[in-house]
Amino acid sequence: MNTKKLTSNLEDYLETIFSIVSTHEVARSMEIAEHLGVKRSSVTVALRSLAEKGLINYTPRSYITLTEKGRDAAQCIDRRHHILQDVFMKLFDLPESDANDAACKMEHGMTPKVCRKLASLCAVMENNPGLSETLKKKIAYYSKKIDCTSTCGYPINEEHDEH
C-alpha cells in the first residue's frame, strides 16, 4: 500500500485505529478522539476520508474496523514508527517518550528506501553488540561537540536536549 497518498494527519488517524483495533477488535470515534486529543467532529471528517479511500469500514454511530487495504497501510505506518523509535532508543539512548515523540513526527516522511536502510541498521546493531556499543559511544561523544545553534542558527531548547 502506498501511504504517500495519505496526509500525515490521516496516517495518524489510521495508526490510531490500528492500535485500538489491535486490542479491542473495533474502534469508536470517541476512543480515537481521546487518543489523538481532537474533537469528535474532526474524527468524523477523517473517518469519512479514510472510508472513501477504502481503508476503513465506517458508518456514523457505529464501530470502525480496518479493511484489508487499511490494515496493510496501518501496519506499514506502524512499522516505520517502531523502526524510528528503535533507532532513537537503541542507538541514540533517548528515553522512550522522546523517541516516540520524534518517531511520530518523522514517520510520515520516511520513504520505503529509508525504511529499509534503518531496519537494516537495527538488524546490524542487534547482531553486532560490539559494533552497536561503539556506535553509541561515538554518537554520544560527537553529540556533545556539535553546537546546532552556531552551525545552523536553530536555538536549542536545553530542557529537551539533555540526552
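**Exercise 1. Work out how far helix H4 should span, and check this against its end C-alpha atoms.**

Step 1: Helix H4 covers residues 68-91, which is 24 residues. Helices here are DSSP runs of H or I with at least four residues, numbered from the N terminus.

Step 2: The expected span is 1.5 Å times one less than the number of residues.

Step 3: For H4 this gives 34 Å, and the end C-alpha atoms are 34 Å apart, so the two agree.

A word on the model: it is predicted, so local features need pLDDT of at least 70, side-chain atom pairs count only at pLDDT 80 or more, and totals for chains, interfaces and linings use all residues. Residues are numbered from 1 along each chain as its sequence is written, and side-chain values use heavy atoms, with hydrogens and water left out.

**Exercise 2. Decide whether Gln85 is buried or exposed, and find what Gln85 touches.**

Step 1: Locate Gln85 in helix H4.

Step 2: Buried means under 20% relative accessible area, exposed over 50%, and partly exposed in between (1.4 Å probe, protein chains only). Gln85 has 8% relative accessibility, so it counts as buried.

Step 3: Leaving out residues up to four places away in sequence, Gln85 touches Glu96, Ala99, Asn100 and Ala103. Contact means heavy atoms within 4.5 Å.

Step 4: Now look at the whole helix: the buried residues of H4, Gln85 among them, pack against partners including helix H5 (96-106) and helix H7 (129-145).

**Exercise 3. Classify Leu131 by its relative accessibility.**

Step 1: Find Leu131 in helix H7.

Step 2: Its relative accessibility is 41%, so Leu131 counts as partly exposed.

Notes
Helices (H or I, at least four residues) and strands (E, at least two) are DSSP runs, numbered from the N terminus.
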